[in-house]
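Please look through the following model with a few questions in mind about how its side chains are placed and paired.

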Amino acid sequence: MTTLTAPQFDQLVMQLKKDYQALLIEVRQELANSGNQHRIELLNREPGDSGDESLASSLADFNLAVVDRHVHELRDIEAAFRRIKDATYGVCVDCGDSVSFARLQAYPTAKRCLACQEKYEREYAQGGHSSM
């Protein structure tokens with residue numbers, strides 16, 4: 001079982017902090033813009049029709065989906081910070097082995113080693129239910 005060196009750990013913590021701040025900015029911007037301007041412009045066009053209204057609703061739904069994805073990513077980062085606090089960051093939640101530095105560099109919120117993640121995805125690929 002390999003463990004992270006102090007410089008590796010510090011690098012990953014800094015990346016998590018950077019990603020968290022960037023996502024917060026994006027969420028704030030999305031919420032500030034939240035598609036309302038697009039909707040107002042489309043609905044104020046003359047002559048308006050149901051297609052314009054439908055497009056405006058779709059844009060608003062898309063913006064909400066983007067915000068939802070960002071919020072999910074923020075929660076993943078917060079969970080990684082909890083694992084850091086609990087001294088379990090970089091330890092696979094399934095097998096207890098180390099999550100490789102290369103995997104954490106690519107995906108700093110990873111909570112499983114690559115082998116366990118692949119197994120998890122095979123078992124739960126069908127809508128979150130085990131195929132067993």
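Buried means under 20% relative accessible area, exposed over 50%, and partly exposed in between, with a 1.4 Å probe and protein chains only. This is a predicted model, in which local features need pLDDT of at least 70 and side-chain atom pairs count only at pLDDT 80 or more, while totals for chains, interfaces and linings use all residues. Residues are numbered from 1 along each chain as its sequence is written, and side-chain values use heavy atoms, with hydrogens and water left out.

Q: Is Arg69 buried, partly exposed or exposed?
A: Arg69 meets Glu73 in a salt bridge at 3.4 Å, N to O, the term standing for a side-chain nitrogen of Lys or Arg within 4 Å of a carboxyl oxygen of Asp or Glu. The two are four residues apart in helix H3 and so are separated by about one helical turn; helices here are DSSP runs (H or I, at least four residues), numbered from the N terminus. Because its relative accessibility is 46%, Arg69 counts as partly exposed.

Q: Which residue forms a salt bridge with Asp94?
A: Asp94, at 45% relative accessibility, counts as partly exposed. Its salt bridge brings the closest N and O atoms to 2.8 Å apart, and the partner is Arg112.

Q: Over the face of which residue does Arg112 lie?
A: Arg112 is buried, with a relative accessible area of 10%. A charge sits over a ring if NZ of Lys or CZ of Arg is within 6 Å of the ring centre and within 35 degrees of the ring normal. At 3.8 Å from the ring centre, Arg112 lies over the face of Tyr120.

Q: How is the pair of Tyr20 and Phe81 classed?
A: Rings of Phe, Tyr and Trp (its six-membered ring) pair if their centres lie within 6.5 Å, and planes under 30 degrees apart count as stacked, over 60 as edge-to-face and the rest as tilted. The structure holds three aromatic pairs. Among them, Tyr20 and Phe81 have ring centres 6.4 Å apart and planes at 75°, so the pair is edge-to-face.
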